[in-house]
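Good morning, and thank you for joining.

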Amino acid sequence: MSIIYDAGQRLITLKTANTVYQMGIDPLGALLHYYYGPRAEGNFGYLYLPRDCGFSPNPYEMREGRGWSPDTLPQEYSGSNSGDYRLSSLELIAAGGAYGALLRYKSHKISDGKYELEGLPAAFDGQGEAQTLAVTLEDRAAGVEAELLYGVYEARDVITRAVRIKNTGEKAVRIEKAASLCLDIPFGSWDHLHFHGRHAMEMQPERSPLLHGIHTISSGRGASGHQHNPFSILCGREADEDSGFCYGFMPVYSGNHRTDTELDQADSVRVVSGINHEGFSWLLEPGESFEAPEVLMAFSRDGLTALSHIFHFFIPRFLCRSKYALKERPVLLNSWEAAYFDWDEEKIVNIAKGAAALGADMFVLDDGWFGRRDDDKRSLGDWYPHKEKLPGGLAPLIRRVNDEDLRFGLWVEPEMVNEDSDLFREHPDWALRVPGRKPAISRDQLVLDLSRPEVCGWMYDTLSSLLREHKIEYVKWDMNRSLSDVFSNTLPEGRQGETAHRYVLGLYSVMGRLVKEFPDVLFEGCAGGGGRFDAGILAYFPQIWASDNTDPIARLSIQRGLSYGYPACTVSAHVSASPNHQTGRTTPLETRTAVAMAGVLGYELDPAALSKEEMEQIRADIARYRKLWPLIQKGHYFRLADNGLYSAWQFVSEERQQALVSVAARGTEGNPKPLHIRLKGLDPEGVYTIAEDSSGTKREYTGSALMYAGYTLPPFTGDYPCAVLYISRK
Ligand code: GLA
């Protein structure tokens with residue numbers, strides 16, 4: 001049993017292999033949060049001593065004692081306008097206009113299996129091991145119930161959270177904020193680790209001490225965004241890769257998200273995560289429910305690497321429903337950086353022939369194949385073949401690609417429309433825009449209003465006919481601008497605050513239908529690279545294009561940032577031409593390959609521009625990658641080192657039989673020193689052989705020697721070299 005209710009003490013305890021999470025129902029019916037941390041036994045209510053804190057009010061029933069305040073005691077799901085001045089979890093406007101929420105325990109239910117959400121992605125009970133706790137809290141005055149949902153994956157050390165708000169009254173209620181997770185961490189001193197960035201420079205890790213006040217990571221862009229990934233970590237000030245307390249929070253949501261972390265007057269921390277309530281509101285009629293999206297939560301006492309491993313294991317097995325989640329992926333060659341918009345059928349077929357000569361599995365036709373799409377100014381919405389570029393349509397091209405023994409994949413950007421398109425001319429009201437105002441334009445495009453069922457219906461019909469009528473085995477689903485001018489022509493006045501969330505629900509409904517109807521098609525998410533790299537997308541699509549930046553040195557920090565929460569098998573990474581098209585930097589093919597091999601390897605270059613030696617090298621690399629894939633997909637990933645001179649990472653197979661270490665130069669200096677790294681995750685007793693790819697000679701070492709004494713490599717010289725070590729156990 002991973003969920004235990006102690007009726008005598010009114011305690012609910014969730015247990016996982018290495019953690020305990022506990023809440024208690026106090027005599028007033030308030031649901032207090034007692035503990036989340038390493039496994040320990042007891043009723044942790046003893047931690048909270050009565051305290052009369054000035055200007056922290058008491059519930060009416062406690063007016064004599066004054067030792068109990070919602071403002072100082074840890075709350076499981078905080079209310080608002082009822083005496084807790086810290087971050088709220090629920091904000092309501094009840095019939096009659098009263099603002100706030102005051103929640104009290106009503107009932108709870110423990111069941112086997114994992115709860116599901118309607119229309120929202122959520123982790124599933126892949127191997128029949130999850131349990132669900134549903135605690136119903138009520139606000140009688142508002143006529144609202146909040147059902148707090150917990151999915152406990154005991155063996156995986158993951159607890160999922162979601163909330164269902166129900167109007168049990170007789171009049172409509174407005175939700176102004178409904179967080180998915182509230183977690184009070186009353187003791188300790190903490191650092192906040194999050195991943196900020198911008199287009200072509202996503203996922204830059206940033207760690208800072210948590211200071212008094214509120215630290216916010218959020219998006220108001222309608223997508224999770226390049227600027228703040230929804231995933232974040234709270235770790236002990238002294239925590240490092242190998243030790244220390246770490247909490248990870250991963251929203252399973254692709255829209256406007258927000259995670260606020262507050263350090264309050266008593267040095268307690270509160271984390272509140274869910275939909276960004278700025279610009280959001282939801283009208284709940286009597287009998288209706290609203291679901292706040294899921295957040296995956298994990299804790300490790302053994303540092304950041306162990307925390308990452310929890311998410312790495314969990315995502316492909318318990319979140320992503322694609323049959324490719326744990327399967328091999330095709331090594332593809334994508335046409336974008338090879339030809340951009342400038343191609344015709346012959347040129348494309350020649351690129352595909354080059355891909356075949358390299359030994360790739362698939363050719364992907366990127367942007368430019370539809371409508372009159374000769375640049376990025378027109379035709380989004382017109383998903384029929386470009387008459388001049390593809391006179392016979394897609395079918396003859398696909399046949400010619402298949403004749404080269406390559407599978408065929410296609411790029412689409414179905415959520416968008418250009419003003420210069422037949423779709424826009426026919427349905428100008430389908431684009432998001434505020435009446436009476438000219439909309440903001442980004443890359444010359446507008447966003448379709450996916451909060452409207454008929455727009456989602458059109459999107460589904462268009463994409464499903466494309467997939468039904470053609471042998472398309474992969475789809476790159478792009479999204480190249482943020483939402484603005486969010487207003488839906490069909491929602492009534494009082495429901496405009498629902499548009500952005502309804503957009504995401506519409507998107508998920510189409511994605512869900514398509515992956516169900518076309519389970520053999522491999523879908524890859526993309527939003528100008530990593531603008532929507534989140535667990536919501538990963539519930540449907542097993543991989544995401546990590547960044548439009550294919551420079552391997554820039555990718556070091558992008559992919560390192562992703563590795564804190566997301567497994568390598570979700571990170572799409574391509575070898576592109578040198579000098580790099582985004583940064584102008586020149587790098588060796590070996591380094592570009594080593595970096596792209598830390599994810600789902602692909603190519604994005606014109607093979608005609610390669611030398612004979614490079615072609616041979618790539619053929620050998622692809623063959624090698626196929627052998628390494630089980631290690632990259634299922635192995636343990638370690639961040640070894642990252643400094644001004646080099647970055648190093650390692651994969652170790654589950655049985656510790658095989659490992660791959662890659663070290664890529666970031667810079668260089670005069671009179672350089674040899675590089676020293678300590679490996680991780682090996683069996684200390686094991687004997688391992690190391691082959692350095694450059695020499696091919698093998699030597700033997702014990703696991704303990706490699707992990708504790710380390711390994712020394714000759715100094716790097718020149719422009720961005722790399723070293724790759726192939727390690728196998730004897
Ligand atoms: C986005 C994608 C690129 C490419 C272009 C095409 O920027 O991230 O990979 O598909 O769109 O317009």
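A residue is called buried under 20% relative accessible area and exposed over 50%, with partly exposed in between, using a 1.4 Å probe and protein chains only. This is a predicted model, in which local features need pLDDT of at least 70 and side-chain atom pairs count only at pLDDT 80 or more, while totals for chains, interfaces and linings use all residues. Numbering starts from 1 along each chain as its sequence is written, and side-chain values use heavy atoms, with hydrogens and water left out.

By that criterion, Phe195 and Tyr564 are both buried. They also form an aromatic pair. Rings of Phe, Tyr and Trp (its six-membered ring) pair if their centres lie within 6.5 Å; planes under 30 degrees apart are stacked, over 60 edge-to-face, and the rest tilted. The whole structure contains 35 such pairs. For Phe195 and Tyr564, the ring centres are 5.3 Å apart and the planes stand at 40°, so this pair is tilted. Phe195 belongs to strand β11 (residues 190–198), whereas Tyr564 sits in the loop between α9 (552–563) and β28 (571–576), 369 residues apart. Helices here (H or I, at least four residues) and strands (E, at least two) are DSSP runs, numbered from the N terminus.

One aromatic cluster comprises Tyr21, Tyr36, Tyr150, Trp190, Phe245, Tyr247 and Phe299.

Let me turn to the ligand. Which residues come closest to the ligand? They are Asp366, Asp367, Arg443, Lys476 and Asp548, out of 13 that surround it, where being near requires a heavy atom within 4 Å. By class, this shell has six charged, four nonpolar and three polar residues. Here Ala, Val, Leu, Ile, Met, Phe, Trp, Tyr, Cys and Pro count as nonpolar, Asp, Glu, Lys and Arg as charged, and the others, Gly among them, as polar.

For polar contacts, the cut-off is a pair of N or O atoms within 3.5 Å. A ligand oxygen lies 2.6 Å from a side-chain N or O atom of Asp366. For Asp478, a polar side-chain atom is 3.0 Å from an oxygen of the ligand, and at Gly529 a polar backbone atom is 3.1 Å from a ligand oxygen. Taken alone, the ligand exposes 310 Å², of which the protein buries 96%; these areas come from the Shrake-Rupley method with a 1.4 Å probe.

Finally, Gly409 lies in strand β22 (residues 407–412). Its relative accessibility is 0%, so Gly409 counts as buried.

Terms used. A polar contact is a pair of N or O atoms within 3.5 Å; within protein, one must be able to donate a hydrogen and the other to accept it, and residues adjacent in sequence count only if both atoms are side-chain atoms.
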